[in-house]
Amino acid sequence: YSWAAHITQELGPKAVLLRYRGWGHVAYSKTKCVSGLVDHYLITLATPAVGTTCKPVEPEPFGVG
C-alpha cells in the first residue's frame with residue numbers, strides 16, 4: 001500500500017488511489033465495488049473521489065470455484 005500511495009503522489013493532483021481493504025492482489029474481479037469504479041473510470045474518465053475505499057469480500061475457500 002505504501003508503494004501505491006507514493007506512486008499516486010508522484011503522478012500528481014489528478015491521480016486517485018482506490019483502496020480495497022481486502023486480501024491478496026488484483027482486486028478488480030474480487031468485488032463489484034472495485035470493478036464498478038474501474039469500469040466507470042474507463043468509460044467516462046471520471047475518477048472516484050479522493051479517499052474512496054471498497055470493503056473486503058471474504059475470499060473463496062481454496063479449491064472452490
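This is a predicted model: local features need pLDDT of at least 70, side-chain atom pairs count only at pLDDT 80 or more; totals for chains, interfaces and linings use all residues.
Reader: What makes the charged end of R19 count as sitting over the ring of Y1?
Author: The charged end of R19 is 4.1 Å from the centre of the Y1 ring. The cut-off for CZ of Arg is 6 Å, together with an angle within 35 degrees of the ring normal. The contact is listed as a charge over a ring, so R19 and Y1 meet that definition.

Reader: How many aromatic pairs are there in the whole structure?
Author: The search finds 0. A pair would need ring centres within 6.5 Å.

Reader: Why is K32 called exposed?
Author: K32 has a relative accessible area of 77%. Exposed means over 50%, so K32 qualifies. K32 is found in helix α2. K32 and C54 are 22 residues apart in sequence, and their C-alpha atoms are 9.0 Å apart in space.

Reader: Is L45 buried or exposed, and how do you know?
Author: L45 is exposed, because its relative accessible area of 61% is over the 50% cut-off. L45 is found in the loop between α2 and β2 (53–54).

Reader: What makes the phi of L45 worth a remark?
Author: Most residues other than glycine have a negative phi. Phi of L45 is near 65°, a positive value, and L45 is not a glycine.

Conventions
Residues are numbered from 1 along each chain as its sequence is written. Side-chain values use heavy atoms; hydrogens and water are left out. Rings of Phe, Tyr and Trp (its six-membered ring) pair if their centres lie within 6.5 Å; planes under 30 degrees apart count as stacked, over 60 as edge-to-face and the rest as tilted. Helices (H or I, at least four residues) and strands (E, at least two) are DSSP runs, numbered from the N terminus. Buried means under 20% relative accessible area, exposed over 50%, partly exposed in between (1.4 Å probe, protein chains only).
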